[in-house]
Amino acid sequence: MQGSQRSYPSTAYASDGCLWWQLKFKPGSKQPFGDEQKLAAWLAFNCELGDTITMRQLRVALGEEDRPNAAEHLNRRLRVLRQRDGWEIPSARDDGSLGHDEYRLDAKGWHPGSGKPRPKLETPSDSIRRQVFERDGRTCVVCGIAAGECYDDRPERRARVTLGHRVPGKRLHRGASVDELQTECARCNETVRDELPNPITLPEILPRIRKLPRADKRTLLNWLHAGERARSNLDLLYADIRRLSATEQIGMIDDLEKGAG
Ligand SMILES: [Zn+2]
């Protein structure tokens, strides 16, 4: 494992002589050098197959001097290495013998010192993407926010929708079918399903369910059976209106005010 004074082969260094995982910018560019590539390089040159690594270790390795790397979603970056770059890095989720926050290096994949171009990200086609977004009314199936709407707790942040796999943690791939995919806002896609434990507990929800009028209970049951929230005409119309340009939306609101007044 890592020793601070160890020597590395020349491939561990970028063209400017800096170790890949300490690089701030892409060689010859002002763009930041991404954590995924730093992780890959650090793992490639500091770990042996079978080593167990903790997230804390990775944060220290990718940090600066005494400041660990505090990037959110660093574990998601590891997942990209698994999905895109051919790394096998099981976590406690894949292998019960690993502790919480532990990862084991089973196979090395692409890294920036390998001298090969990085594998292309395989994503579903634009046509599949469009069909999924249209089916879901451009609305996140996890939290219900529509593209362009603001989050209740972060009014300055507008939701952007992206494609997610129905099965958390499963990779998006070129051949994925519309049925395997769902619309998620970037926030739910990044955090809720993969990293944060669900903070809601059944005892918190039960009284709210019991208080519902019978018709609402039936609707809720239908959604749960269907595995998704069916949208009313009004919901769909609302989602479509949100896709109009700002000027068109203002015109729309004027029209509605005349009609509803
Ligand atoms: Zn969401």
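Let me start with a question: is Cys-188 buried or exposed? Cys-188 is buried, because its relative accessible area is 5%, and the cut-off for buried is under 20%. Keep in mind that this is a predicted model.

Now, what does Cys-188 do in the model? Its SG is one of the protein donors of the zinc ion. The others are the SG atoms of Cys-140, Cys-143 and Cys-185, and the donors lie 2.3 Å from the zinc ion.

Next, the geometry. In general, four tetrahedral donors at a metal have an ideal angle of 109.5 degrees. Here the angles among the four donor atoms run from 104 to 115 degrees. The site of the zinc ion is tetrahedral.

Along the chain, the donors follow the spacing C-x2-C-x41-C-x2-C. So where do the ends of that pattern sit? Cys-140 is in the loop between helix H4 (126-135) and strand S3 (161-165). Cys-188 is in helix H5, residues 186-192. They are 48 residues apart, so the pair links distant parts of the chain. Cys-140 is buried as well, at 0% relative accessibility.

One more item on charge. Arg-187 lies over the face of Tyr-151, at 4.2 Å from the ring centre.

On to the aromatics. The count comes to three aromatic pairs. Take Tyr-8 and Trp-21. Their ring centres are 5.0 Å apart and their planes are at 75 degrees, so the pair is edge-to-face. The cut-off for that label is over 60 degrees. Both residues are in the segment before helix H1 (35-46), 13 residues apart. Tyr-8 is buried, with a relative accessible area of 14%. Trp-21 is buried too, at 4%. Together with Phe-45, Tyr-8 and Trp-21 form one aromatic cluster.

Phe-45 takes us into H1, where it is among the buried residues. How many residues does H1 have? Twelve, and H1 reaches 16 Å from its first C-alpha to its last. That is close to the 16 Å expected at 1.5 Å a residue.

How enclosed is H1? Twelve of its twelve residues are buried, so H1 is largely enclosed by the rest of the structure.

Notes: Residues are numbered from 1 along each chain as its sequence is written. This is a predicted model: local features need pLDDT of at least 70, side-chain atom pairs count only at pLDDT 80 or more; totals for chains, interfaces and linings use all residues. Side-chain values use heavy atoms; hydrogens and water are left out. Rings of Phe, Tyr and Trp (its six-membered ring) pair if their centres lie within 6.5 Å; planes under 30 degrees apart count as stacked, over 60 as edge-to-face and the rest as tilted. Helices (H or I, at least four residues) and strands (E, at least two) are DSSP runs, numbered from the N terminus. Buried means under 20% relative accessible area, exposed over 50%, partly exposed in between (1.4 Å probe, protein chains only). A charge sits over a ring if NZ of Lys or CZ of Arg is within 6 Å of the ring centre and within 35 degrees of the ring normal. Donors are N, O and S atoms within 2.8 Å of the metal (3.2 Å for Na, K and Ca); water is not among the atoms, so sites may look incomplete. Four donors count as tetrahedral if all angles lie between 85 and 135 degrees; four count as square planar and six as octahedral if opposite donors are over 155 degrees apart and all others between 65 and 115; anything else is irregular. The expected span of a helix is 1.5 Å times one less than its number of residues.
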